Amino acid sequence: MAGKRDLYRKRRKQRPKRLTPRSKGIIYITAATAIFCSILACCGNILRQSTNKHYKDGQVDTECLAQIEIPDETPEIKLFYTGFTISFNPTMHQPNYAVWELTKEKAQGSLPRNSKFRPDDDVLGCPTLSDYRNSGFDRGHMVPAGDMKWDEQAMLDSHYLTNICPQSHALNGGRWASLENKCREWVARDSILIIACCPVLSDRMPRTIGETAIPVPERFFKVILAPYSIPPRAIGFIMPNDAPEEGLETLAMSVDQIEEITGFDFFKCLPDDIENEVESDANFRRWEKRNF
């Protein structure tokens, strides 16, 4: 009998313990959470893979996204400065467009804005300092000096007159500056922004300034892409060269609309489905959300 009891006890020890209802619940919740997280990760990977044309080793391929097509007949000199690219129009003596990558780290740069404006003597058609003197217009940065505080050479390059347009003080110190500040706010959330801007040179521009006869733009555009948001998103703005009464939300429009006005093709290296989606959206309030 003793031997049978010992065998029975041994078998009982080998039996798996029954789970209590509470233990089962914990296991079910843990398993469900793991599955849910796997699904989210999978969706994120799918979205990122769909935009893999502009990623290199997990980083945004700025060179790809910064490729902007302009009409064939548009005069152009490509200038590659530190931190940004200018498509300079030697006939209009100002940029066709300026494009740059703004990151969270760059927006937190601390260099002072102590650079002086100067012409780029190597560039045909570059304005002179005297062209802007007593003209009644500000020397309006296209690539903001405030976005170039992360590097001394970038700050110097942003003050070349090839990066400057005649802007009314009301615009330069008003809505235009407000949008520049917004971009620095948005990039703190979105990590990276690709920004392009400049005058709408296809407009009729009867006014000129200086001996170089620089045409005074009637309007300016800016387009912004957040490639790391899921899904990616973009927005555009058109501002008259005066004191716009409208707020930024009213001035916002889709990138498609900006392309129709300027004749440019932005962010063309994005996959067609994503490009079509982001360039048709003009929801300013989405950009104002703290998190996505």
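## Disulfide, sheet and helix faces

The structure holds 1 disulfide (a pair of cysteine sulfur atoms within 2.5 Å). This is a predicted model: local features need pLDDT of at least 70, side-chain atom pairs count only at pLDDT 80 or more, and totals for chains, interfaces and linings use all residues. Residues are numbered from 1 along each chain as its sequence is written, and side-chain values use heavy atoms, with hydrogens and water left out.

**Cysteines.** The disulfide joins C64 and C269, with sulfur atoms 2.3 Å apart. C64 lies in helix α3 (residues 62-65) and C269 in the loop between α10 and α11, so the pair ties together parts 205 residues apart in sequence. Helices (H or I, at least four residues) and strands (E, at least two) are DSSP runs, numbered from the N terminus. C165 is in no disulfide. Its nearest cysteine sulfur belongs to C198, 4.8 Å away, too far for a bond.

The table gives relative accessible areas. Buried means under 20%, exposed over 50%, and partly exposed in between (1.4 Å probe, protein chains only).

| Residue | Relative accessible area | Class |
|---|---|---|
| C64 | 11% | buried |
| C269 | 13% | buried |
| C165 | 0% | buried |
| C198 | 0% | buried |
| T85 | 17% | buried |
| R204 | 69% | exposed |

**Sheet.** An open sheet of 7 strands runs β3-β4-β5-β8-β11-β12-β13, with antiparallel pairing. Two strands pair if DSSP finds at least two bridges between them. The edge strands, β3 (77-81) and β13 (252-253), each pair on one side only. β3 meets β4 (residues 84-89) in the antiparallel sense over 5 bridges. F80 has T85 of β4 as its bridge partner. Beyond neighbours within four places in sequence, T85 is in contact (heavy atoms within 4.5 Å) with K78, L79, F80, Y97, A98 and V99.

**Helices on the sheet.** Helix α8 (residues 175-190) lies across β5 (94-103), β8, β11 (219-226) and β12 (233-240), at about 5° to β11. Helix α10 (residues 255-262) lies across β11, β12 and β13, at about 45° to β12. Axes are lines fitted to C-alpha atoms, for helices over the stretch in contact; angles run from 0 to 180 degrees between N-to-C directions.

**Helix α11.** In α11 (residues 272-279), I274, E275, V278 and E279 are buried. Down the axis these fall within an arc of 110°, so they line one face of the helix. The arc is that of the directions from the helix axis to the C-beta atoms. The face turned away carries the exposed D272, D273 and N276.

**A loop residue.** R204 sits between β8 (192-199) and β9 (208-209). Its C-alpha is 7.8 Å from that of E218, 14 residues apart along the chain.
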